[in-house]
Amino acid sequence: MTTASGSKKRGGLFQELRNPERRLAYYMVLPALLIILAVAVYPIGVSVYLSLFDARINNVGEFVGLQNYVDMFGNNDFRDGLTNTLIFTVVSVFIEFVIGLAIALAINRAFKGRGLVRAAVLVPWAFPTVISAVMWRLMFQDQVGIINYAATSLGVISQPILSDQTLLLIAAIVVDVWKTTPFMALLLLAGLQTIPADVYEAARVDGANVFQRFFRITLPLLKGTILVAVLFRTLDSYRVFDLFFVMGQRELESLSTFVYKSVRVSQILFSVGNAAAVFTFVTAFLIALFFIYGLGMQTSTEDS
Amino acid sequence: MAASAGAGNATRGNAQGAAGAVGSGKGGSGGGTLSSALFYVFLFLFVLVSVAPLLWVFKMSIVQKSEVTATPPTILPQSFTGQSYSTIFSDASFQKALINSIIIAGVTTVVCLFFGAIAAYAIARLRFNFKNLVMTLILAISFFPAVAIIAPLFIQFRAIGLINTYWSAIIADTVFALPLTIWILVSFFKELPPDLEEAAKIDGATTLQAFRKVIVPLAAPGVFTTAILTFIFAWNEFLFAATFLYEESVQPVTVRIPNFATVYTVDYGAQAAAAVVVTVPLVILVLIFQRRIVSGLTAGAVKG
């Protein structure tokens, strides 16, 4: 199979297309790429374009430069959405990471009932977010909600959870932690299992205690997995929509709910919504860049 | 976006049980029965927290109305009725929503598997430059905020008459599910021994024939796992469906069920029953295929 042209020469696209195997590879990747370019990349471009105009859903309108972005930052709902999204992302990902790592460390061994635990872990993950929001809403609810009842009887809260913005945000964080910590634990567990046992043996022989083993071996060797898992979860939390929209009955604002309401529900906020859409995209992109360049996350193991 | 080159072993290790990974790190040495008893208490709590909301909402769905609103709430069901389920199943719009969900998620899965398998094979097996670029683009798509493109897509879909048709949701879902499909399939394809295709090619098969006749059947379990994950992903999707499908007759369950809070205002049992009906198929899938799902998930995320 190995042909001379299979060697590691970096040719241009035209040279590539002369090699039959490579040409076939491009043909095979092309349909998927075209779908992605047409339905994701191109629309992003349109969003950027629209955000510079005084657009409505039916016409593009006049060019207004960055005015939509100025209006966006002046919009209270947008600012609420941004604040809530940031708090939600930082707090929920942090808690999920800490608990997830603890769980991963605890179950990284052979024990009876692994299958049961793994299944239980997957149950929250498989739930539609919307449905978990509905279920938890029923539990937080002030008429029939067991959590609201318990919190009230213990004197923790003085008003119904669902009628208070701060409590709603906390409730959303609780649901997110419940739903995605198991997933975090699974990812970290898979990473833990790549650490060879003899490294620990050697450290033990050298007299390293539990904490030294954790900070000197586990954490450094797990760094790659941790960064990937935390980046995934961060970007996922950053675009939170379903949970806020359903839990908060459209009252709890996030960046995504603001964009949705602006471009789909409101008639007058359409252009501001486009600016917010672009803002959300660009900031998410910057978060990813920060993980890759700022924290040194490896982005590929492609060997060819 | 790999954590480490050894992640492939991790996923296999996961399926096998982490027996050898840390050896007798904790369980074997010292504490003995006390520490293992504590360990099982911890596991029990963890499993309980994971499944408690489902159990609670299930309880709400099977007890009589007076018990649903009882104060203090009952922990174990004291009464039984099938009323909530008959309410839900005699609701024609709920039945229609279930069918809509099955169609949208089913077609999305088939489309993703078709284009995804072809692209994944090229990425896993064939040599070409720009492979990293392609993989990075695909991965970036799956994590960018979907709200950034809903306005341009809405305008486009309206122009070609796709609003309020299944296709609007299927096309948009495909873009976000396809990267997931490709990443997981690439890792499954890479685990298959290359000798078999080589042998087929020596016997005169073309690359495409080798793919169809040798790889696809061999990779069937992996493809099946990918299908389950893609289906769950599409079944759970909410934002695109809420944006493009505003007519009740085409809405999937994720869009219909949150509205039940206003349809069945005080019938909490019916709301609970609807949530249970939508979740149970997923829970059953997860319970049956948990081992495969975990290896697929961690392959896609830790390795990819």
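Analyst: One definition to start: a residue counts as buried under 20% relative accessible area, as exposed over 50%, and as partly exposed in between. This is a predicted model.

User: Okay, so is A:Arg56 buried, exposed or partly exposed?

Analyst: A:Arg56 has a relative accessibility of 34%, so it is partly exposed.

User: And which side chain does A:Arg56 meet in a salt bridge?

Analyst: That would be A:Asp54, at 3.5 Å from N to O. A:Asp54 is partly exposed too, with a relative accessible area of 35%.

User: Why would those two pair up at all?

Analyst: Side chains with opposite charges can pair when their charged atoms come close.

User: How many salt bridges are there over all chains?

Analyst: The structure has 8 of them over all chains. One of them joins A:Glu96 to A:Arg233, where the closest N and O atoms are 2.9 Å apart.

User: Where do A:Glu96 and A:Arg233 lie?

Analyst: A:Glu96 is in helix α4 (residues 76–107) of chain A, while A:Arg233 is in helix α10 (residues 210–238) of chain A, so their bridge ties together parts that are 137 residues apart in sequence. Both A:Glu96 and A:Arg233 are buried.

User: What does A:Arg239 form a salt bridge with?

Analyst: With A:Asp236, and the closest N and O atoms are 2.9 Å apart. A:Arg239 has a relative accessible area of 18%, so it is buried, whereas A:Asp236, at 32%, is partly exposed.

User: Which residues are linked in a network of salt bridges?

Analyst: A:Glu96, A:Arg233, A:Asp236 and A:Arg239 are linked in a network, together with A:Asp176.

User: New topic: how many salt bridges are there between chain A and chain B?

Analyst: The count between the two chains is 0. They do have 12 residue pairs in polar contact, counting pairs with both residues at pLDDT 80 or more.

User: Which helix gives the most to the side of chain A that touches chain B?

Analyst: Helix α2 (residues 20–50) of chain A, with 21 residues. By class, that side of chain A has 71 nonpolar, 22 polar and 14 charged residues.

User: How many residues are in contact between chain A and chain B?

Analyst: On chain A, 107 residues are in contact with 117 residues of chain B. Between them the two chains bury about 10200 Å², with 74% of it on carbon and sulfur atoms. In chain A, the residues losing the most area to chain B are A:Met28, A:Arg109 and A:Arg118, together 7% of what that side buries.

User: Let's do rings. How many aromatic pairs are there over all chains?

Analyst: There are 35 aromatic pairs over all chains. Among them, A:Phe73 and A:Phe78 sit edge-to-face, 5.6 Å centre to centre with 90° between the planes. A:Phe73 is partly exposed at 42% relative accessibility, but A:Phe78 is buried at 0%.

User: And why is the pair of A:Phe281 and A:Phe285 called stacked or edge-to-face?

Analyst: Stacked, because the ring centres of A:Phe281 and A:Phe285 are 6.2 Å apart and the planes are at 25°. The cut-off is that planes under 30 degrees apart count as stacked. These two residues are 4 residues apart in helix α13 (residues 270–294) of chain A, so about one helical turn separates them.

Conventions
Residues are numbered from 1 along each chain as its sequence is written. Chains are lettered from A and ligands numbered from 1 in the order in which they are written. This is a predicted model: local features need pLDDT of at least 70, side-chain atom pairs count only at pLDDT 80 or more; totals for chains, interfaces and linings use all residues. Side-chain values use heavy atoms; hydrogens and water are left out. Contact means heavy atoms within 4.5 Å. Buried area is the accessible area (1.4 Å probe) that two parts lose on being put together, summed over both. A salt bridge is a side-chain nitrogen of Lys or Arg within 4 Å of a carboxyl oxygen of Asp or Glu. A polar contact is a pair of N or O atoms within 3.5 Å; within protein, one must be able to donate a hydrogen and the other to accept it, and residues adjacent in sequence count only if both atoms are side-chain atoms. Ala, Val, Leu, Ile, Met, Phe, Trp, Tyr, Cys and Pro count as nonpolar, Asp, Glu, Lys and Arg as charged, and the others, Gly among them, as polar. Rings of Phe, Tyr and Trp (its six-membered ring) pair if their centres lie within 6.5 Å; planes under 30 degrees apart count as stacked, over 60 as edge-to-face and the rest as tilted. Buried means under 20% relative accessible area, exposed over 50%, partly exposed in between (1.4 Å probe, protein chains only).
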